[in-house]
Amino acid sequence: MKKNALKDAFPRKKTIFKLLLIMRLTLILTMINIMSATAIGFSQNTKLTLNLRNASLKDAFNEIERQSSFSILYKADAINQDKKVNIHASRATIEEVLNTLFVDKKIHYKILDNSLIVLLPGNNNEQQPVVKGKITDSSTGEPLPGVTIVIDGTAKGVTSDIDGNYSIQVPNTNSVLVFSYVGYKAEKIQISGRPVIDVKMSAGVEKLDEIVVVGYGTVKKKDLTGAVSSVQGDALAERKTTQISQALQGAVPGLMVTRSSNAPGSTATLRIRGITTIGESSPLIIMDGIPVDDINGINPNDVENISVLKDAASASIYGSRAAAGVILVTTKRAKEGQLAMDYNYEYGVEKPTSLPSYVGVTRYMQMVNELRWNDNANNSNQYPTYTKDVIDNYATLNANNPDLYPNTDWKKLILNDYAPHQTHIL
């Protein structure tokens, strides 16, 4: 009897549980409908007036929030805030405004309640362009696996496979791809609408150690044991001189540069550790393995580096000609895969800081007479060259006959206040 009562009770409890569950779900759905209706009613009652031309989405969002109590939420890196939009709306609802802004369906919106709008990017992966290609070594043509390809300005990227192939989805056809690989120069390439971009990467060349030419080859400067000094061509070109001998002054230890004249075109004398013999003490000059007579015939802008051999070991290479030392000049060479043409133009003005003052014609004649009088052991004639009458009346004589009695300001006639100079190097 009791067993039958229990069996009858279980189905009854199960039915009551179902009824309670249905009532609970009905209540939840009713509340959601009420909230949605409230949000819809509020959005329908809100009227916006916008007149934006070539404005960004961010400016449009700010204007919507200014004219209403809505707050727009979105993820900054998921929505392109700088996208330009045009909208003209007069007393429009929030739905009408948002539908106009997101007419391309790339952004979805959801009005959650009476003051909150959530923006989500649309599922438009199929619309995003895809760029693919192959990455190889520029010198060997071998594919490069593991190259990192990143969209410039973002963290989105891929790596190339074992055959050097890659494929990446980009936001738009004007994106910039950055290719980087250990030991190679990074490459930045703009897509410009191209679906296939093959890249040839060059090995990165870094200046690790300074190389010194020692006559029988090259050696790293840190491994050098002989008495050799080196100067790079860039340091000589920065001195802006037309002669290498002048540019070397004070640049190489143990190399003495002496100038005996400041006349235009005058050269300097080079000595390595002073005068080494009673004969010729000039060092041997070798340019790219060929002896030259004058180092000043080399353009300083063409010099890659200059090495000065100062010890006796240089004689074992060049013989007796290197008794006074050797200056090795290495000129610049073309680089593989690089085409360049440089043109340098320089213009300057030379102006003397001071010039000596010269005496006039009358004082000049008096000094010449004094010179001759002293040379003649002070005889009785104090005017051996110019008479006293000519000296005393020279101004009158010059006024009457300036050709016979001239008075020329030679400094003003010959010298200018400044001298311009210009240099053209192609």
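## Report on a predicted protein model

Of the 426 residues in the protein, 27% are buried, meaning under 20% relative accessible area, with exposed standing for over 50% and partly exposed for what lies in between (1.4 Å probe, protein chains only). This is a predicted model, in which local features need pLDDT of at least 70 and side-chain atom pairs count only at pLDDT 80 or more, while totals for chains, interfaces and linings use all residues. Residues are numbered from 1 along each chain as its sequence is written, and side-chain values use heavy atoms, with hydrogens and water left out.

The secondary structure comprises ten helices and 23 strands; these are DSSP runs numbered from the N terminus, helices being H or I of at least four residues and strands E of at least two. Among contacts with a separation of 6 or more, 55% join residues 24 or more positions apart, where contact means heavy atoms within 4.5 Å.

**Confidence**

The average pLDDT, the predictor's confidence in each residue from 0 to 100, is 77 for the protein, and 79% of the residues score at least 70. Confidence is highest in helix α9 (residues 394-400), at a mean of 92, and lowest in strand β14 (residues 218-220), at 52. Residues 1-7 have pLDDT below 50, and this stretch makes zero contacts in the model beyond near neighbours in sequence. Residues 36-41 also stay under 50, with four contacts beyond four places in sequence. Where pLDDT is low, the predicted coordinates should not be read in detail.

**Helix packing**

Helix α2 (residues 57-67) and helix α3 (residues 94-101) have axes that come within 12 Å and cross at roughly 175 degrees. The axes are lines fitted to C-alpha atoms, for helices over the stretch in contact, and angles run from 0 to 180 degrees between N-to-C directions. The two helices α2 and α3 are therefore roughly antiparallel, a term for angles over 145 degrees, as against under 35 for roughly parallel, 65 to 115 for roughly perpendicular and the rest for oblique. From α2, Leu 57, Ala 60, Phe 61 and Ile 64 make the contact, and from α3, Ile 94, Val 97, Leu 98 and Leu 101. These residues divide into eight nonpolar, no polar and no charged; Ala, Val, Leu, Ile, Met, Phe, Trp, Tyr, Cys and Pro count as nonpolar, Asp, Glu, Lys and Arg as charged, and the others, Gly among them, as polar.

**Aromatic pairs**

The whole structure holds three aromatic pairs, defined for rings of Phe, Tyr and Trp (its six-membered ring) with centres within 6.5 Å; planes under 30 degrees apart are stacked, over 60 edge-to-face and the rest tilted. Two of the pairs are tabulated.

| Pair | Centre distance | Plane angle | Class |
|---|---|---|---|
| Tyr 166 and Phe 179 | 5.6 Å | 75 degrees | edge-to-face |
| Tyr 181 and Tyr 184 | 5.5 Å | 40 degrees | tilted |

Tyr 166 in strand β9 (residues 165-169) and Phe 179 in strand β10 (residues 176-180) are 13 residues apart. Tyr 166 is buried at 4% relative accessibility, as is Phe 179 at 0%. Tyr 181 is partly exposed at 27%, and Tyr 184 is partly exposed at 21%.

**Two individual residues**

Asn 369 lies in helix α7 (residues 361-375) and is buried, with a relative accessible area of 2%. Leaving aside neighbours within four places in sequence, Asn 369 contacts Gln 382, Tyr 383, Pro 384, Thr 385, Tyr 386 and Ile 391.

Val 130, in strand β6 (residues 130-137), is partly exposed at 40%. Not counting residues up to four places away in sequence, Val 130 touches Ser 167, Ile 168, Gln 169 and Pro 195.
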